[in-house]
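Thanks for coming. I have one structure to go through this morning, so please look at it first and then I will talk.

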Amino acid sequence: MTAAIGTAGSPAAGLLVDIRARRGTFTLAVALEVGDETVAIVGPNGAGKSTVLRCVAGLTAPTAGRVVLGDRVLDDVDRRVHVPVEHRDLGIVFQDYLLFPHRSALDNVAFGLRARGWSTRAARDEARTWLARVGLTDQHALRPAALSGGQAQRVALARALATEPAALLLDEPLAALDVQARHHIRRQLRERLAAFDGPTLLVTHDPIEAATLADRLVVLEDGRITQTGTIDDVTRRPRSAWAARLAGVNLYRGRASGGLVALDDGGQLIAAGAPDGDVFAAVPPRAVALFRQHPSGTPRNVWTGVVDGVESYGDRLRVHLAASPPVTAEITPAAAAELDLARAGEVHVAVKATEITTYPQ
Amino acid sequence: MTDVTGMRPLVLVALVVLTACAAGAETTTGDPTTAASDGAVSGDVTVFAGASLTDAFTELGTAFEDANPGTTVTFNFAGSQQLATQITTDGAPADVFASANQTQMDVVGEAALLAGGPVVFARNRLEISVEPGNPAGIATLDDLGRDGIGVVLAADEVPAGRYAREALDAAGVTVRPVSLETDVRAVLTKVSLGEADAGIVYTSDIAAAEDTVEGVAIPDEDNVIAAYLIATLRDAPSAEAARAFVETVRSEKGQETLDAYGFDTP
Amino acid sequence: MTRGQESTAAGIPAGVRALGVAAIVFLTLPLIGLALRTPWDQVSTLLTEPLVLRALRLSLVASLASLALASVLGVPLAWLLARTDFPGRRLVRALAVLPMVLPPVVGGVALLLALGRRGLFGQVLFAATGWALPFTTPGVIVAETFVAMPFLVVTVEAGLRALDPRFEEAAATLGASRWTVLRTVTLPLIAPSLTAGMALCWARALGEFGATITFAGNLPGRTQTMPLAVYLELESNPAAAYLLSILLLVVSIAVLVGMRDRYLGSP
C-alpha cells in the first residue's frame, strides 16, 4: 500500500480507495482519498489508471482492499463485501462515451432515471434540464451517431449527472475529441465539475487536461502512486520519470552528502543546498549549457557526452545527450548552429550548481 | 466489384432450354440383358416392391443372384402407392413391380407401362400387432374401438391402410386412429416402440418382426385377403432378367420362401 | 493459358463463370418446375378443401408455437454460450447445434426414445398422467422445436458476441438491474440477429417433416402439417400437394429475402 494521500474536505463524505488489483503483468496498489474536489489520476498508458476507475465503479473486483463512498462500503475484500455495479450510485463518463446507439440523446440522459423508476415523462423533463445545463438544446431527438464528438461528450456527461450520483468518475473524458473541440469542451467541463457536489475522480494521460480540470493530481506509474499534489507541486518537484517529462526537466535520483550528489545511474552533481540523504535532483533543460571545448569559468558541473537526438521545441531546440548522466539541453537554433551538432564528436555539458533543485525522496 | 450482367442472359437461356427438355422428357432404355447360352441371365434387375415384401423379397433376391451369377438385384421397398407414382409420373427405371393390391397395379397398367401381365403370386391377411405381452388386452377387432386404445393404421392411400379400413368397416368397428403412417412397416415400428397400443398390419409383417411384436389373429370372416400382384414393366432396362426374377418368385422355391415369411400362397 | 482460364475484362475467369451459371440453374430448376406444375387456376377451390385448410392451420399454429418455445429456451442458451465460460461449454454448444446436422428422422427416433410413451422421460409423464407426447399436436411442436431451435441459438449467439459488452456495463453503472439491462439494452441492440434467428427458426419449423412424422405421427387436423400433407397426398391428390408445396416455397423465399443476408453471419 503506497502512501501519499492528500485530503481536502471530510473523508466521511468522500471517496476512499485503498486497493490492490491484478492488472495484466503487474499488481496495482493504490490508496487515495477524494473529498469534495476533483482529483485526476495521471500517468503513462498502461499504468493501471482505468483499472482504478473500474474497481471504484464495481466493474472489476479488487483482489484486496476496500472502496468506501461516504458511509457506504462498496468493496471490502476481507469481509467479502461487494456492492453490485447497479447499486453504487455513481456517475460515469466513459472514454468513448458508450451512448446507447438505439436511443435518442434525450432518452440516453433519461436512462438512469428510468432505471430508478421515474416515469418516462418525468425522466425526460429532467433530462431536458440537464442537456440544457451542458449547453445542448436542439439535439434531443438525435441518435448518438448523428452527434458531433463534442455533443456526444456533453450528452455522456449529462447522462452521468442526471441521476445526481454520490460521486463522479471520468475516464479520459476529452481523449476522443479533436483539438478544437477539446479546448472548448474543457472549459465547460471545468464549470460542470465545479458545480458538482461530491468527489470527482478522473483519469487522463494528458497533463493539460489534468491541470485544467483537477484540483489535485495523483501520478500513477506501473501500478504505484509515485506522487500526489497540485499541478504546481508536481511540476516544481517531480518525483518520477513521467512527472519529470510533464515538467520538462531532467530528473535524477541519487544520494547527497555535503552538497555532492552521487547519482544512481552514474556520475555526480554538485548542487547547492542539497539535503543529505536520498534526493531527487531536477535540472531544467534551459540551465544546461553545451560547448565543443571544455568550458572555462564557474559552472561546477561539467561532463561530456555525445548527441543522441535533436528535436524542435517551440522556437528552440532540445538536444538529448548520451552521457553519464544522460541529459537534455534546450538551446537556441543559433547556438546549435555554432556547435555544429551534426558533426560527430564530444560535446561538453555544463550546469551551474545553483540551477539544480534538490529535494528529498 | 466485377460486372456480372453478362451472366444474366446466359442463365436465362440455360433455364429455358432445360425446362423445355423437362417438359418433353421421355424414359430411356438401358442396355439389354444378355442371355447366356445355358439359359442363365445376367444384368442388373431393379425391383419395386411393397414394403411388406421387404424381408421375403430380400431373401429371394439373394437366391436369384446365387442362381444367376452375373446378376445384381436392387430393391426399392416403399408403400405401393408411392412406387406406382414413381413408375408412372417420375419414369423410374424399374424392371419389376410387385404391388400389395390391385389398385396400384392398375395405376401402372392404365399408364400402359406393363409388359408381362400382372399375376397374383402371394396373398396376405391382416393381423393386429400389439406389444409383447399384449398389455392392452386386445383380442378382437372390436377392442380396437375401445376408448383409450391408441391404434395406428397405414394411410388410406397405402394398400394395407385400405384393407384395414375395409376390415374395420365390415366388422362395424369405429376406430379413431392416432396416426396414419406412410407404409405398413412404419405402423409396425410405432407398435414395437410401444407408442401405439395396436396397429393393423399384414400377417407377414408380424412374422418378420419376430419378438418385437405379438400378433392377434383376425378371424377369416372379418379378414381381408390382400392379393399381391407382380409384373414386368414395358420399359424395363433388363427385360430378360426381369422375367427370370418373376419366374423365381412364382417357382416352388419362391413360394416356399414367401410361405416361410407368413404369406399365403395361391 | 487455356481459353477456360482466360480472365475476362471484368475479372472472373470464364470457367468459374460457367460453373456459377450451372449452380444457379441447378438450384432454380426444381423451383421453376414446381411453379409450372402448380394448378394456379384451381387455387381458390383447393384452398377451401378441408385437407389443405387443416394442414395450413396446423402448420401455422405449430410452427409459431415452436418459434415461441425455441425463443424462450434458445435466447437464454445463446446468452450462456456467448457470455459465460463454464466447463463443458464447447460440448454444450456442439449439442445445441447437433439437431442441425442430424437427419431429421434420426431426431424423431431420438425424441421417441426420450419422450415417447416408453421413453426415458416420457414414461414418467405417462405413468403420472396417462398422457404422452407422440400423436399429439404438442408432440409436433416438440419435434419442430427440436430441429429448429439450433438456428435461433446460433444466430443469436453470434449477435451477442458481436455486441460490445461495455454498453451493458454502462447501463449497469446507471443503475439498471440485470433484467432491465437485458430488456432495454441487450435485446434491442441484438434485434437484427434476434429477428434473423427467429425467421430462420420459424421457416425451419414450418418445413419440418422427418422428425414430425416419426415422433408425432400423421393425422389430418392434429399432426398432419403441410409437409406431411404434401408427402401423403402426392399420389392421390397431386394438385393439392403442388399447391401446398408452392405455398411453403413462397413462405421460405419471403423469409430469406426479408432477412437480407443477415443469416449469413452476425449483423
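In chain B, take the contacts between residues at least 6 apart in sequence: 78% of them join residues at least 24 apart. This is a predicted model, so please keep that in mind throughout. The secondary structure of this chain B comes to nine helices and nine strands. As for burial, 49% of the 266 residues of chain B count as buried.

How confident is the predictor about chain B? Its mean pLDDT is 83, with 85% of the residues of chain B at 70 or more. Among the elements of chain B, the lowest mean pLDDT, 56, belongs to helix H1, residues 7-23. The highest, 94, belongs to strand S5 of chain B, residues 151-154. There is also a stretch of chain B, residues 21-38, where the pLDDT is below 50. That stretch still has 21 contacts in the model beyond near neighbours in sequence. Where pLDDT is low, the predicted coordinates should not be read in detail.

Now to the chains together. Which chains share the most contacts? Two pairs of chains are in contact, and of these chains B and C share the most. Chain A and chain B, on the other hand, do not touch, and their nearest C-alpha atoms are 28 Å apart.

Chain C does touch chain A, through 14 residues of chain C and 15 residues of chain A. On the chain C side, helix H8 (165-173) and helix H9 (178-189) each supply at least two residues. H8(C) gives the largest share of that side, six residues. By class, the side of chain C facing chain A in this contact has eight nonpolar, four polar and two charged residues.

Next, the cores. The largest nonpolar core has 225 residues. The members that touch the most other members are Val109(A), Leu169(A), Val96(B), Phe97(B), Phe245(B), Cys201(C) and Leu244(C). Helix H7 of chain C, residues 137-162, contributes the largest share of this core, 15 residues. In soluble globular proteins, nonpolar side chains tend to be buried together.

What does Leu244(C) touch, leaving aside its neighbours within four places in sequence? Its contacts are Val52(C), Ala55(C), Met226(C), Ala229(C) and Val230(C). There is also a second, separate core of 26 residues, and among them are Ala287(A), Val319(A), Ile331(A) and Ala350(A).

Last, the domains. Chain A is assigned domain 1, residues 11-244, and domain 2, residues 250-360. The C-alpha centres of these two domains of chain A lie 40 Å apart. Their contact takes five residues from domain 1 of chain A and four residues from domain 2 of chain A. The domain 1 side of that contact in chain A consists of three nonpolar, no polar and two charged residues.

Chain C is also divided, into domain 1, residues 1-37, and domain 2, residues 44-264. Here 34 Å separate the domain centres of chain C, taken over C-alpha atoms. Four residues of domain 1 of chain C are in contact with four residues of domain 2 of chain C. On the domain 1 side of chain C, the residues touching domain 2 are three nonpolar, no polar and one charged.

That is what I have. Thank you.

Note on methods: Residues numbered from 1 in each chain as written. Chains lettered and ligands numbered in written order. Predicted model: local features only at pLDDT ≥ 70, side-chain atom pairs only at ≥ 80, totals over all residues. Helix = DSSP H or I, 4+ residues; strand = E, 2+ residues; numbered from the N terminus. Buried ≥ 20, exposed ≤ 12 C-beta atoms within 10 Å, placed from the backbone. Contact = placed C-beta atoms within 7 Å. Domains from an automatic or database assignment. Nonpolar A, V, L, I, M, F, W, Y, C, P; charged D, E, K, R; others polar. Core = buried A, V, L, I, M, F, W, Y, C linked by C-beta atoms within 7 Å. pLDDT = per-residue confidence, 0-100.
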